[in-house]
Structure formats: C-alpha cells, structure tokens
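Dear colleague,

I am passing on the structure below, and my notes on its packing and its aromatic contacts follow. Please read them alongside the coordinates.

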Amino acid sequence: NPKEFCEAPGMIIEPAIDLKNRQCVRLQKGNFDTVHQVAADPVTTALAFRAAGAQWIHMVDLDGARSGVRVNAPIVAAVARESGLKIELGGGLRTMEDLRAAADSGVQRLCIDPSFVAAAVREYGTRIAVGIDALEGTVRVSGWEQDSRCDCLDFARQMEDLGVETLIFTDISTDGMLSGPSVEWLAKLQQRVSCCIIASGGVSCNEDIRTLRDMGLYGAIIGKAYYAGTIDLALAIEEAGVQFYPNGLVPAWT
C-alpha cells in the first residue's frame, strides 16, 4: 500500500522523461508550440537517472495524451527493460486495454484518465494513480488543452472516494518554468485528501526539493531543472531520504 510508504522518513524522487515522436522533449506550461528536444536518447537518459540513485522514473507519452495513440509505447518498454527503474507512466492510458498493455511492458504505476477510475482500481488497486493537471484551480484534460470546469480540490476528493490512493498534482502555470513548485495548492490538496501526493511542475533547485520534503509529500517529479542543470539530482535524492523501506526491499505494492 503506498500509504504505508507515506509514513516512511523520505520522499520519492522521480526524474522525468516526456516523450513526443519517440524523443525526450520538454514543454512550457503544457503548450505544444514550445516543444523542444532535451536529450538524445530516452534509455541513456534513464540510465543517467539510475546512476544518480533514482529508483523511479516518471514518463509521459505526450502523443498519447493528445491523441490517445500510444506511439511511444516501444520506448517506454525499452526504458523499463534496459534501465531497471520503476516506471510511472501517464499519457494515453484511456482504456483497460491500454492499462494491460502498459503493465505488460513493465510499467509499475499507471497514471490514468479519470473516466474509468473505478474499473481500473478494481483491477490494479494501488498501482493506479490519477493526475490532477490544474490551471488556476480548474482541472485541464486532453493534454492540458481543454478546460473541464471542475475544481481541482473537489476532483481530488472524488478520486479518493473511488479508491485512488496516489495523486500526481501539476500546477500547469509552473510546469517547465523553473519558478518553484506550487506550495499553496499542494498544501490545500493535503488538507482536502489523505491520498499520497506527488508534486509535479516548477521544481527549479535543490531547495525546492527540501521544501517539498518538509511538507511531508510522498513524491516529487523533477523535469526541466535536470535538463537545464539547475538541480543536482544525486543530492536531491540523498536529501529526500529513504527511497526504499528500511529493510532495503521495494514495497510489495510495486
């Protein structure tokens, strides 16, 4: 159960790879017009993450998020196979068939479209996470391009009521901007739900990681800061604390 790990004295660090046309890319504020390649090869990038001490990697299939067609699935499978890292995948997971294909390819945590949460939780339990991608407090969908008009805090509570135990919160206004994480919204989310919360967006430096750690969050995603060289990934992982259970074993739910 991920909630058990929430009680451990540490925060999981998840360096990120966003995939578009099978390349490592980054966006600013989710705007596809800002897409630019940041690394030559996803597998080589993942191996660098592992060398820095990472145990998890957060991957987003941007093509899948936008169109529902998972053209990057072979890359995700290769990263899982070659790096040995635990994969958390979002983007394009819209059906139970998508979940089964991703799970069979080595993905441990499945970040899904909320339309079929109940069925997904019944089959995959604690391996399911839901991404809350918000702009000015409102949930955005379809690759962040459409406004759902749903309050992000109310949405989080609905997901918890359906059995979701892990939420990945992204404040779109901070994503890719190196402006610092959205501490205020993360604190509001902590007050509204008891889920494990992974912070995404805005992390710019090691001090941001220390801030999120001290908030007691379950995890933090590092994206542009790694590629821009403004964060020391190995130090971030060291300062975040325990990435495993004290006995050295990976939690059973993974």
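I112 touches L93, L99, V117, A120, I128, A129, V130 and G131, leaving aside residues up to four places away in sequence, where contact means heavy atoms within 4.5 Å. This is a predicted model, in which local features need pLDDT of at least 70 and side-chain atom pairs count only at pLDDT 80 or more, while totals for chains, interfaces and linings use all residues. Residues are numbered from 1 along each chain as its sequence is written, and side-chain values use heavy atoms, with hydrogens and water left out.

In helix α7 (residues 152-161), a DSSP run of H or I with at least four residues, numbered from the N terminus, the buried residues include C152, F155 and M159; buried means under 20% relative accessible area, exposed over 50% and partly exposed in between, with a 1.4 Å probe and protein chains only. The buried residues of α7 fall within an arc of 160 degrees seen down its axis, so they line one face of the helix, the arc being that of the directions from the helix axis to the C-beta atoms. Just after α7, G163 takes a positive phi of about 105 degrees.

The structure also holds two aromatic pairs, meaning Phe, Tyr or Trp rings (for Trp the six-membered ring) with centres within 6.5 Å, counted as stacked with planes under 30 degrees apart, edge-to-face over 60 and tilted for the rest. The rings of F49 and Y226 are edge-to-face, with centres 4.9 Å apart and planes at 75 degrees. F49 is buried at 0% relative accessible area, whereas Y226 is partly exposed at 25%.

Best regards

Key: Helices (H or I, at least four residues) and strands (E, at least two) are DSSP runs, numbered from the N terminus.
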